[in-house]
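Let's take a walk through this fold together. Have the model open and follow along.

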Amino acid sequence: MSPVPAKGSRQRIFLAGKGGVGKTTLATAVAVGQAHAGRKTLLLTTDPAAHTGLVLGTAVGEDPVAVPGVPRLDVARIDPAEATARYQADILRDAETRYAPETVARLREELNSPCTEEVAVFRRFLWALLTEAYETVVFDTAPTGHTVRLLSLPLSYQQQLQAKAAGMEESRAVDDAEAATMAQALAVLRDPHQTIWAWVVYPEATPIREAQRGAAEMDALGVPPGWVFVNQVLPEAACVHPLFRQRYVMQQGYLDGLSDQFPGAVQMPVPLLATDVVGLAAVDELLAAMPPGVAMGAH
């Protein structure tokens, strides 16, 4: 693996996979490692069920806040309800200064459509992907299907852009700018020097199969897997009881097959720890147990 990215270079690290496989915990460790390496880092969760605040011992909201005890690390989450309210307010505030009341009324009605939340969350995601305020952004994503949908650049986004003020010159200019932003986002996602896509699995059939499906869908978008974190691997020395020995053998079998299931990805085994990962001391313990260079974003 190569050294930590050069100071000032941008890097985006995504952790994705089935719900409950440890994405939040591993994403937190990766983000802390990036900050320890001297990079201004944002840990952003797109999963409403994430427990980032519990792991870090700090409140997490829509706006980035500094993590106490970890210089250069901020944390935030995308709250769909708050993101939607902000998006609606911003669009209407701008529209009221530009368009006739009937156009604003039509837009207000359009913004009550079911796709508005999806658009608002997507815009927030675009900001995090493209911001220059951070050298590294670590994304703790929602379970696989939701993540793939978010990153598929949904058609509803394009449709709602056109609904802002259909037929007006200003609207066409906005649409062109938004299209350029989405093109830039795709370029970042597809550039392995800027983006690492990491799938998180347990060494078990179900999470591996779900990650495989997600990886295939992302690969079709031009985003191949970069890493595969294999979480909670049993250490051989601890497996003296027949039950755990059998599970150890099972896990090793799955580990042996990952190279074929995720071609080109770097396998990152993470051992099962004796305690919960809650608090910065536990995060540092997990960080120390992870493969060298992983937490610092080395390729």
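The side chain of Thr195 reaches out to the backbone oxygen of Val188, at 2.7 Å; a polar contact here is a pair of N or O atoms within 3.5 Å, where within protein one must be able to donate a hydrogen and the other to accept it, and residues adjacent in sequence count only if both atoms are side-chain atoms. Thr195 belongs to strand 6 (residues 195-201), and Thr195 is buried at 7% relative accessible area (buried is under 20%, exposed over 50%, partly exposed in between, with a 1.4 Å probe and protein chains only). Keep in mind that this is a predicted model, where local features need pLDDT of at least 70, side-chain atom pairs count only at pLDDT 80 or more, and totals for chains, interfaces and linings use all residues. Residues are numbered from 1 along each chain as its sequence is written, and side-chain values use heavy atoms, leaving out hydrogens and water.

Now zoom out to the sheet. Eight strands make an open, mixed sheet in the order 3-4-2-5-1-6-7-8; strands (E, at least two residues) and helices (H or I, at least four) are DSSP runs numbered from the N terminus, and two strands pair if DSSP finds at least two bridges between them. Strand 3 (65-66) and strand 8 (266-271) sit at the edges with a single partner strand each, so one side of each has no neighbour in the sheet. Strand 2 (residues 41-45) and strand 5 (residues 136-140) run parallel, joined by five bridges, and Leu43 has Val138 as its bridge partner in strand 5.
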